[in-house]
Amino acid sequence: MTGLFDILGPTMVGPSSSHTAGASRLGYVTQAILGGAPERARIGLHGSFAMTGEGHGTKKAIIGGLLGYAPDDERIRTSVEDATAAGMDFEFYTADLGEDAHPNSAVFEVERGEEEATIRGASIGGGQIRIHEIDGFRVDLSGSLPTLVVQADDVPGTIATITRMLSERGVNLATMHVDRTGRGEQALMTIESDADIPEELIEAMRGQDWVHWIRYVRGLV
Amino acid sequence: MYGSIEKWFADAEAQGVDLAEAVLRRETKDTGADRERIRTRIRDALEVMENAVAEGLTSEEKSPSGLTGGRARRLIAEGPRIFGEAFTTTLARAIATLEVNARMGLIVAAPTAGAAGVVPGVLLTLREERGWSADRLVDGMLVAGGVGAVIAERASIAGAGGGCQAETGSAAAMSSAAVTYLEGGSPEAVGTAVALTLQGMLGLICDPIAGLVEIPCAYRNASAAVQAVGCAEMAIAGLDFPVTPDEVIDVMGEVGRKMDVRYRETALGGLAATPSGQRIARQAGMPELVQLQRKGDQKGEESARFGPS
């Protein structure tokens, strides 16, 4: 469904909603999943991102996103200098993500302290994005709603426990997606909600012994 | 938002409210956001538009490619030669916004970045000419948004989906509807403004030189702004059009779907593939694009999955 501000927006740093605003959003969601700006980043650009990205500031937008700049943050223009000054070690390369990949796709390998993540996503037009893969798990996230990413053991009752904890706090779920490496192995749950998820609730989820890690991404309007 | 102009207008009538109020109520219902929050966001968007126009009209700074920058300022400096000042200002503000966009300035994609100059070109200029209050301008933006949402639902607002008719055409229809509404036009006249404006933009291709949102985009924003004002004038005067606005939007969608991919923002056809366009693409450091343009003659479908929006 088309919302009013899909038409009267987004407010963004130009020149392209897909190659600039969407690119910065991909970087932003990546750093949010990682838990902050990466110290090291390897970014593969696929298709049109690789071919016409230079003229659209795609690299500046992605680095800006990794620094936590929103698509309407004018610091995107100086993001590469800002990242270098902050000591971020980054490199871009041209990736071939296959025929089926959206032409505006990117893959991120990022590290911060002990944490690391591999994230693949696409800018699908109008500044909107989809995150398709986190650490080898298939997901489907927009980054526009508050999102919980939960990596857990694939044991019975995990989904029920998480959804019960959310419903007890009155958090309304918009979407939920589960992928796993195999029966009884590892599972990744991604949950998009209509409203912010309280920090103490996330802490309580972290206390479950089958939970490996939880990331919370505040939605970007 | 609404899926057709017909449903929107019928809903407004059933509730006994005007077109802007119907959009506001519908958005409140769809998103849960309160009315003041929505109006504030629109005022914020208008402020971004004003700042972009002000910057674009005074700066001579070029875009990184060097393709645009300084033309809006020149147009204003030369002054009106044919029509009056408002006409020249409308053109200049549309170009100014695209010039700011090209150098990574802050703009409002309305409905897209590539068509971001049309709404400010038309509405910010006519606000001064016609003396609309700040609140009325927000009402006008609600009507513009309602039109854009219907087009997005029924056809497309993306150059990759339907060519430039979907981008600057949609922006022109949005602007024309807002002007007609703000000048006291009936819902019927607003509908006519949409139909008239969009029928005049049908078939317009998206063929950005070097794949950049610069040329012809800046000029196409200016001509779409003029189209919007002209059609509002005719609609307010009560001129009619025998095809409904929803039908014209559907035709735009059909033409977009049948449009060769070379003309849908891939930079593989049209002005982008001319010798002049290819020369600029090479200078801008995109020799791969030129190779694809040449291949595109033999296998356009296959090589045409690229392009900005």
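User: What should I know about the model and its numbering?
Analyst: It is predicted: local features need pLDDT of at least 70, side-chain atom pairs count only at pLDDT 80 or more, and totals for chains, interfaces and linings use all residues. Residues are numbered from 1 along each chain as its sequence is written, and chains are lettered from A, with ligands numbered from 1, in the order in which they are written.

User: Into which domains is chain A divided?
Analyst: Domain bounds come from an automatic or database domain assignment. Chain A has domain 1 (9-135) and domain 2 (147-217). Their centres, taken over C-alpha atoms, are 26 Å apart.

User: How many residues of chain A and chain B does the contact take?
Analyst: Two residues are in contact if their C-beta atoms, placed from the backbone, lie within 7 Å. Chain A gives 35 residues and chain B gives 46 residues.

User: Which elements give two or more residues to the side of chain A that touches chain B?
Analyst: Helices (H or I, at least four residues) and strands (E, at least two) are DSSP runs, numbered from the N terminus. Here they are helix 1 (4-7), strand 1 (11-13), helix 2 and helix 3 (47-52) of chain A.

User: In which sense do strand 1 of chain A and strand 1 of chain B pair?
Analyst: Two strands pair if DSSP finds at least two bridges between them. Strand 1 of chain A and strand 1 (residues 106-108) of chain B are antiparallel, over three bridges. Met12(A) stands opposite Ile107(B).
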